[in-house]
Amino acid sequence: MSLIIRSSAIHAAGCYTMTPIRKGARVVEYTGPRIAKDVADEKYEKSPTTYLFGVGDGTMVIDGHGTAMFINHSCDPNCETEEMDRRVWIKAIRNIAAGEELTYDYRLYDGDDDEARCNCGSKNCRRSMYAPEEIRRRARVAKKAGGRAGERNSGTRRKTKK
Ligand SMILES: [Zn+2]
């Protein structure tokens, strides 16, 4: 499988396949050091972007380093992630043609005040990279706070994929 990183219409850089990929194939592993979630949150507190991927019960994250960290989010993705023994694989959920950009659904679950707006352009775009249940949770929190949720921790963007 040959993957390349180049600029993407979705966001900054993206990951593209040069060869066709069959549905069900493992495309690439989400590699990087494993660190404790609270350590990662501290490390990236002031960082505008993170490439963290939650594994296991969520107390550990993979601090993305390598090809897979460039794969963009889409609400209508051609890949999904699969966790086995605390390793995370990007897997094709349909046949993918040569030249296509690889995408999966980030299902973000912790972003503080970041809107994590989605620009994937798909017909069923939910306008957010958060998981649907996280979107509902955030709406509840915002309602409780009387629309003042934006005051807490403003300026930090810590997001973990799942
Ligand atoms: Zn979208």
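Begin by selecting Phe53, whose bridge partner in β11 is Lys161. The two strands that meet here, β5 and β11 (residues 160–161), pair in the parallel sense over two bridges. Now look for a partner of Phe53 in β6, where you will find Ile62; β5 and β6 run antiparallel and are joined by four bridges. This model is a predicted one, and that should be kept in mind at every stop.

Stay with β5 and show its side chains: Leu52 and Gly54 point one way, whereas Phe53 and Val55 point the other way, and all of them are buried. If you then follow the chain from β5 into β6, you pass through a hairpin with four residues between the strands, in which Gly56 takes a positive phi near 60°.

Next, select the whole sheet to which these strands belong. Which strands form it, and in what order? It is an open sheet of four strands in the order β4-β6-β5-β11, with mixed pairing. Because β4 (34–36) and β11 stand at the edges and have a single partner strand each, one side of each is left without a neighbour in the sheet. The partner of β4 is β6, and these two pair in the antiparallel sense over three bridges, with Arg34 standing opposite Ile62 in β6.

Keep Ile62 selected and display its surroundings: leaving out residues up to four places away in sequence, Ile62 touches Tyr30, Gly32, Arg34, Leu52, Phe53, Val55 and Val88. Ile62 also belongs to the largest nonpolar core, which has 23 residues, and it is listed with Val27, Phe53, Ile71 and Ile90 among those with the most contacts inside that core. A second, separate core has six residues, including Tyr106, Cys118, Met129 and Tyr130.

Now move to another sheet, an open one of three strands in the order β3-β9-β8, where the pairing is antiparallel. Here β3 and β8 (79–84) are the edge strands with a single partner each, so one side of each has no neighbour in the sheet. Neighbouring strands of this sheet are turned by 30° against each other on average, direction ignored. Zoom in on β8 and β9, which pair in the antiparallel sense over six bridges, and pick out Thr81, which stands opposite Ile90 in β9.

For the next stop, select helix α2 (residues 132–144), which has 13 residues and reaches 19 Å from its first C-alpha to its last, close to the 18 Å expected at 1.5 Å a residue. Is this helix buried, or does it lie largely in the open? Of its 13 residues the number buried is zero, so α2 lies largely in the open.

The C-alpha trace spans about 50 × 35 × 25 Å along its principal axes, and buried residues make up 27% of the 162 residues. The radius of gyration is 16 Å, which agrees with the value near 15 Å that a compact globule of 162 residues would have.

Terms used:
Residues numbered from 1 in each chain as written. Predicted model: local features only at pLDDT ≥ 70, side-chain atom pairs only at ≥ 80, totals over all residues. Core = buried A, V, L, I, M, F, W, Y, C linked by C-beta atoms within 7 Å. Buried ≥ 20, exposed ≤ 12 C-beta atoms within 10 Å, placed from the backbone. Contact = placed C-beta atoms within 7 Å. Pairing = 2+ DSSP bridges. Axes fitted to C-alpha atoms, helices over the stretch in contact; angles between N-to-C directions. Expected span 1.5 Å × (residues − 1). Rg over C-alpha atoms; globule rule 2.2 N^0.38 Å.
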